[in-house]
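Reader: Hi! Could you walk me through this one when you have a minute?
Author: Happy to, let me put it up.

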Amino acid sequence: MTLRPARVLVVVQNLSVPLDRRVWLECQALVAAGHQVSVICPREVGQPAHRTLDGVRIHTYPPAKARSGILGYFIEFVYAWLRTAVLSVHVRRNEGFDVLQACNPPDTYWLLARLHKLVGRKKFVYDQHDLCPEVFEARFGRRGLLHRGLLLLERATYATADHVISTNESYREIATTRGKVPLERSTIVMSAPDPDRMRSEEPDPALRHGREHLVCYLGIMGPQDGVDRLLGAIDHYVNVLGRTDAHFGLMGFGDCLEDLRAQCTRLGLDEYVTFTGKVGPAEISRWLSSADLGVTPDPVNDFNDKSTMNKTMEYMAYELPVVGFDLTENRRSAGAAGLVVHEDDDGALARGIAMLLDDPERRHEMGALGRKRIEEHLRWSTQATAYIEVFRGLS
């Protein structure tokens, strides 16, 4: 089998492509390096079942009906796995692939990789976006049998992988210790933004809704993401600190979105908060170009402490200072562009927001430092080099 150039099949279940920014950047890097790239992912409304976009062959399946609870997630995972397996056979027969790259969550595609290995020399690359056992504990507040099951799935994925891609040093340490992955078979590829595409544009004053400041959140809205904590901070900002000078734009979607809307209404904050729902690059740019700062409200737990927050680096790309709780990897990403709130308290987060809004000079300095950090150290082009080396090293 010749792997220069390789034919790469990328499997992603969490988001569609090109909406998943990290996966799309990876695909573009592979295409630029001369590789053939196919993707299997869930289908967005209006997307065709099969298409080629910018050299990437995208194959989609209708997403499962949204469900809640552990049983609901299990059903969704089984459905997505089966749809992906069928499409992988389609790709193998019609396009061919040498390398299967699985982007978690979930940690179930190791079995698909083993099945393909049985009938041909295929390589398996594990692109670990999340620590699934830690996500489970953060979402459901317990460990138990299912947590142990997730550890077993993760272990099987590590054992099957010919190479493991980690998003930061903390994830790589998990791979080499808990996963017993040899250091030479692991690579760090951060989910860094492309500063040439993500940069401040002309602000839109209408997004402030007549108020002096605009504060933004960008990201998934699940139980572990802390958007409920941000609403608690906005409640403190308005009803305890007595401030009416800021509007808050909350961009994103997730299984908690409707509950968060209801919480916002209960707190009497609807006139201060806009929920945009799912947004694309143009809307993200409009909001972040108009904002004064970005908030990373993810609460302190084992999962969040080890995870790199994409939102933080996207704020930095748009020259925004960042306010958030005390998380190890978030501190590493933001550096001097971040204000760390050491108390695990919504009121403390509100006071941090107020402190920066009252200090435009500090905001400007932090934003400039963040943008410089993205341009010089955390830009995608430097990460893409390490990513492509993974495929050059497979044999």
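Author: What follows is a short chat about a predicted model.

Reader: Great. Which strands form the open sheet, and in what order?
Author: Six strands form it, in the order 11-10-9-12-13-14, and the pairing is parallel.

Reader: Which strands stand at the edges?
Author: Strand 11 (273-277) and strand 14 (338-341). Each has a single partner strand, so one side of each is left without a neighbour in the sheet.

Reader: And by how many degrees are neighbouring strands turned against each other?
Author: By 25° on average, with direction ignored.

Reader: How many bridges join strand 10 to strand 11?
Author: Four, between strand 10 (residues 246-251) and strand 11, and the two run parallel.

Reader: Which strands does helix 7 touch?
Author: Helix 7 (residues 227-240) packs on the sheet and touches strand 9 (213-218), strand 10, strand 11, strand 12 (293-296) and strand 13 (322-325). The direction of helix 7 makes about 170° with that of strand 10.

Reader: What about helix 14?
Author: Helix 14 (residues 360-376) also packs on the sheet, with contacts to strand 9, strand 12, strand 13 and strand 14. Here the angle is about 110°, taken between the directions of helix 14 and strand 14.

Reader: Switching to arginine 211: is that one buried or exposed?
Author: Arginine 211 counts as buried, because its relative accessibility is 18% and the cut-off for buried is under 20%. You'll find arginine 211 in the loop between strand 8 (186-188) and strand 9.

Reader: What does arginine 211 touch?
Author: Leaving out residues up to four places away in sequence, arginine 211 touches Thr244, Asp245, Ala246, His247, Glu271 and Tyr272.

Reader: Now strand 5. How many of its residues are buried?
Author: Five of its five, for residues 99-103. Val99, Gln101 and Cys103 point one way, while Leu100 and Ala102 point the other way.

Reader: Which strands pair with strand 5?
Author: Strand 1 (residues 7-12) pairs with strand 5 in the parallel sense over five bridges, with valine 12 partnered by cysteine 103. Strand 6 (residues 123-128) is joined to strand 5 by five bridges and also runs parallel; there, valine 99 has lysine 123 as its bridge partner.

Reader: Last one: which residues make the nonpolar surface patch?
Author: Leu71, Phe74, Ile75, Val78 and Leu82 make a patch of about 480 Å². Phenylalanine 74 lies in helix 2 (residues 69-94) and counts as exposed, at 55% relative accessibility.

Note on methods
Residues are numbered from 1 along each chain as its sequence is written. This is a predicted model: local features need pLDDT of at least 70, side-chain atom pairs count only at pLDDT 80 or more; totals for chains, interfaces and linings use all residues. Side-chain values use heavy atoms; hydrogens and water are left out. Patches are made of residues with over 30% relative accessible area and no salt bridge: like charges are joined within 9 Å, nonpolar side chains (Val, Leu, Ile, Met, Phe, Trp, Tyr) within 5 Å. Accessible areas come from the Shrake-Rupley method with a 1.4 Å probe; for residues, only the protein chains shown count as cover. A salt bridge is a side-chain nitrogen of Lys or Arg within 4 Å of a carboxyl oxygen of Asp or Glu. Buried means under 20% relative accessible area, exposed over 50%, partly exposed in between (1.4 Å probe, protein chains only). Two strands pair if DSSP finds at least two bridges between them. Axes are lines fitted to C-alpha atoms, for helices over the stretch in contact, and angles run from 0 to 180 degrees between N-to-C directions. Contact means heavy atoms within 4.5 Å.
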